[in-house]
Amino acid sequence: MNELLPVAVIGTSLLAAIVIFLLPDAQQRVRSTLNIGAALVKIALVAWMTIGIYQQELFETRFTILPGIDFVLRADSLSMLFAGLSSLLWLFTTLYAIGYLEGSPHRSRFFGFFSLCVASTMGISLAGNLFTFLIFFEMLTLSTYPLVVHRGTEASLRAGRTYLRYTLTGGAVLLLGVALLYGYAGPAVGEFAETGTLREVAGLDTSVLIAIFAVLILGVGVKAAFVPFHGWLPVAMVAPAPVSALLHAVAVVKAGAFGIIRIVYNVYGIEFSAQLGVLLPLAVLAAVTIIWGSLQALRQVELKKRLAFSTVSQVSYIALGVALFGPIGSIGGLVHLLHQGIMKVTLFFAAGNYAETLGIHRIDELDGVGKRMPGTSLAFTVGALGMIGLPPTAGFISKWYLGIGALEAGMAWALGVLVLSSALNAAYFLPILYRLWFKPVRGAWPDEKILAGRFETDPWLLLPTLATMVFTIAAGLLAAHAWSPLSWAILVSVREYLP
Amino acid sequence: MIPLLLIIPLVFALFSVLLPRAPIKLIALPGLVLQLIASLALSVQIYRHGASDYQLGGWETPLGITLHANGFTVTLLTLTAFIAIVCAVYALVYLQRYRHEQRYFWPLFWFLLASLNGIWLSGDLFNLYVGLELLTFSAVGMVALTGSKPSLRAAIRYLYAALLGSLGFLAGVGLLYGQYGTLAIQDIAEISNAAAPTQVAIALMTIGLLLKTAIFPLHFWLPPAHGGALAPVSALLSALVVKASFYILALLWLDLAPEAVAPAAAQLLGALGAGAIVWGSWCAFRQSDLKMLVAYSTVAQLGYLMFLFPLSIGTSAVAAELAWQGTVLHLLAHAFAKAAMFLSVGTLVLALGHQSIKDLAGVSHRVPLALFAFGLSAVSLMGLPPSGGFNAKWLLLQSALLSGQWWWFVIILIGGLMTAAYVFRVFRVSFVEEARHQFAPTHWLLDVCALTLAAAAILLGFVSQWPLQLMQLVPGGSG
């Protein structure tokens with residue numbers, strides 16, 4: 001049974017995708033039931049595996065695809081961190097997408113690729129070696145393209161082209177890195193293992209290993225939106241809001257960040273990486289991205305563009321935490337993988353609600369929206385405060401651990417980066433909050449599509465937004481609870497350091 | 001079991017010539033199923049008992065004809081039978097509107113299969129030559145099927161190129177016979193030397209075979225022939241026919257006279273392959289016609305096969321083994337993917353009534369399954385995982401690394417990106433919403449055929465181990 005569980009987790013989405021593709025567009029009820037059902041089954045399976053991992057059970061599927069190279073799906077504590085996040089947020093994104101897209105054309109195509117996208121994300125989280133990781137990493141690129149170009153307009157097709165240029169080139173670079181590593185050190189080093197595999201292989205040249213590390217990080221760095229490879233992310237904002245949520249919070253940039261975690265922790269090993277001296281350049285790259293993304297976000301006048309640059313900045317917190325040598329910094333990076341997801345998804349849902357309900361796309365159109373849409377605006381506020389890092393939100397926990405981790409690792413300058421970035425976060429989020437709550441309404445809304453009734457907008461849009469808002473606060477308030485993201489991150493982090 | 005694989009297609013070819021009025025379905029399908037069963041049975045037999053020879057008519061080698069089956073042979077036989085059966089089902093539906101062409105299609109189809117099986121099973125150069133000629137004539141006939149002016153012109157061009165190629169091949173065969181007094185490949189391999197006449201023979205035969213395989217810069221005949229033919233014909237030509245002459249080329253270089261070929265010459269073949277990848281992809285990118293895009297994609301993909309020579313000649317045994325496995329996998333993956341792509345494009349063209357890429361708008365909504373099959377096959381052609389194409393690329397990359405030939409490594413990576421550039425041109429247009437024209441309804445079986453082959457290309461990414469294990473039973477052509 002335990003051998004089948006990882007396959008079942010991917011299979012639920014894959015099966016849902018195939019059935020949904022074959023459904024006619026008009027079969028709304030069947031499709032929605034299937035979507036939600038698959039999401040719930042997946043959460044149950046992931047929860048089952050998480051409990052099993054806690055009790056030291058092994059969940060592994062393995063078969064050989066090429067001589068010496070296995071296809072491996074294996075659940076470890078790190079994969080459950082990512083799988084848990086994706087399966088939970090997938091449910092809410094699906095609910096939101098049903099509200100957002102039902103009524104528009106090509107829904108079967110949309111939801112089919114949506115499910116494929118989640119299947120690939122699950123594959124990324126459960127991949128047990130670099131080869132399998134690469135398979136799902138590329139599958140994710142292919143399954144998100146149709147979502148980015150979904151609207152079929154000139155702008156979205158252009159965005160799709162940019163997206164492909166970046167991600168396919170990144171994929172080719174990653175393939176180069178993986179092929180180099182396998183060719184140089186043998187396929188065995190690709191197997192993800194706690195504390196890394198490379199340090200056990202004798203007779204390898206450190207300068208070659210450093211070069212391969214650079215190539216690998218470059219390959220995943222395109223999806224993780226490292227400056228200067230972040231160009232696709234703001235352009236891809238033309239996609240529908242649930243897709244943005246998927247790209248920014250659940251799947252794509254997270255896949256990149258998760259790849260960095262896997263390479264540093266489970267292939268090179270954190271201690272070995274520190275020995276090689278590759279952590280400092282990674283930290284600098286992350287720091288540059290954090291500051292640059294925040295500065296760019298300040299300049300944006302469109303709400304979604306500002307959020308996009310904010311993602312560029314926030315995802316690099318994860319990489320920064322990984323690059324801080326020491327368990328505390330690792331905890332900060334790992335827990336931010338979850339926290340950034342919850343907070344960003346809330347912000348994108350809120351931005352989508354503004355656009356869908358009132359036709360608001362620009363920041364200067366948000367004056368006084370707080371009175372018209374209090375629920376959405378409250379969610380946005382909580383998300384924004386979380387991004388700034390105020391207690392008691394989830395963002396505070398991340399930044400606290402990152403800050404202490406920076407001091408512990410002897411990189412006091414990283415603390416400076418965190419402080420500066422928080423100040424910049426405040427500088428681009430607080431004016432929005434001011435507009436929402438304190439400025440008077442400027443007249444008619446740009447394009448009011450949903451009139452206020454019992455709810456301020458379609459409940460399918462509002463309820464997921466509020467739910468993720470609650471998670472944002474709960475992850476901060478209940479951080480000390482045994483099943484909180486923080487506790488799980490601590491569990492993972494402790495296992496990555498040599499005793 | 002071995003002779004059955006020649007007898008079945010020849011008998012059914014006779015049936016379809018002699019009984020033109022009989023319902024086609026009743027003749028074609030049982031024959032194809034029989035052929036598939038025979039090749040599978042032979043695979044099982046080879047798997048259990050190892051490679052085997054068969055003396056036709058009981059005559060011993062110098063006089064009689066020897067058929068030879070090993071792990072690689074049965075892989076190719078099964079591939080041929082599988083692709084043939086899917087293309088035939090497609091053709092049964094597709095050709096309903098071509099009453100006249102249908103009568104000539106089936107005899108040619110069976111002759112094509114007979115000659116392919118003959119080539120895979122042949123153990124000596126003369127039979128290979130005969131098989132190659134039969135193959136050429138049936139393939140040219142199929143290209144000329146519609147009798148329209150462009151297709152006749154393409155067919156004539158194809159015929160001239162192929163005959164020129166045969167001439168080179170035959171001259172080489174003559175030289176070898178003069179020197180060794182036998183044409184059986186195994187016999188020559190035992191006594192072959194690196195003397196000048198052998199080298200001249202190999203060079204002549206190589207040029208002939210490159211022409212027949214349409215390797216850059218001798219590819220000029222392929223795009224009009226493959227792009228202009230009817231969809232099931234294009235699929236058969238690109239998936240199988242060009243592979244036959246490549247197979248003979250590999251036999252010559254790796255089995256027949258390994259001492260007579262220099263690593264420098266192998267590098268030259270690799271360079272031609274690189275040229276094919278870059279030039280073919282670029283031309284595919286420039287096409288405005290959908291079928292021509294796919295045809296140029298074949299030119300590009302055939303280039304990968306050429307890397308077998310630089311990667312396995314003058315390199316370590318491990319690198320050569322990886323190169324051989326990668327090449328075979330690429331051959332299989334490309335056969336599935338390209339057949340699927342031609343079939344899906346055929347359905348698209350049928351639905352649209354034209355084949356211009358810029359007017360594909362609305363396809364993603366109106367003909368989704370054909371586009372989906374196109375997409376799956378494109379994944380394999382781009383060499384993206386999970387697919388047979390990716391695994392092939394992986395093995396070739398590893399071989400290039402191991403033998404220190406980083407330049408092929410770079411070309412393979414660039415080739416993947418260039419493939420993405422031209423296939424995504426198609427998707428880009430398909431997602432445009434406003435459709436300007438009517439869509440004709442298409443039969444669901446057409447989609448099923450294309451999807452079956454595309455799924456095979458993807459699934460090969462998970463079961464690559466099977467054909468590779470089968471091949472290892474007898475290290476077929478490994479250098």
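Helix H9 (residues 241-250) of chain A has buried residues whose cover includes helix H3 (77-101), helix H4 (107-126), helix H5 (130-148), helix H10 (252-268), helix H13 (303-323) and helix H14 (327-358) of chain A. This is a predicted model, in which local features need pLDDT of at least 70 and side-chain atom pairs count only at pLDDT 80 or more, while totals for chains, interfaces and linings use all residues. Residues are numbered from 1 along each chain as its sequence is written, and chains are lettered from A and ligands numbered from 1 in the order in which they are written.

**Helix H9 of chain A**
- Ten of the ten residues of H9(A) are buried, so this helix is largely enclosed by the rest of the structure.
- A residue is buried if 20 or more other C-beta atoms lie within 10 Å of its own, exposed if 12 or fewer, and partly exposed in between, with C-beta atoms placed from the backbone.
- Among the buried residues of H9(A) are Ala241(A), Pro242(A), Leu246(A), His248(A) and Val250(A).

**Chain A as a whole**
- Chain A has 20 helices and two strands, where helices (H or I, at least four residues) and strands (E, at least two) are DSSP runs numbered from the N terminus.
- Of the 499 residues of chain A, 61% count as buried.
- Of the contacts in chain A with a separation of 6 or more, 81% are between residues 24 or more positions apart, a contact being two residues whose C-beta atoms, placed from the backbone, lie within 7 Å.

**Chain B as a whole**
- Chain B has 20 helices and two strands, and its C-alpha trace spans about 65 × 55 × 45 Å along its principal axes.
- Of the 479 residues of chain B, 61% count as buried.

**Where the chains touch**
- The contact between the chains takes 27 residues from chain B and 26 residues from chain A.
- On the side of chain B that touches chain A, the elements that give two or more residues include helix H16 (368-382), helix H17 (388-402) and helix H18 (406-430) of chain B, and H17(B) gives the most, with seven residues.
- By class, this side of chain B has 18 nonpolar, seven polar and two charged residues, where Ala, Val, Leu, Ile, Met, Phe, Trp, Tyr, Cys and Pro count as nonpolar, Asp, Glu, Lys and Arg as charged, and the others, Gly among them, as polar.
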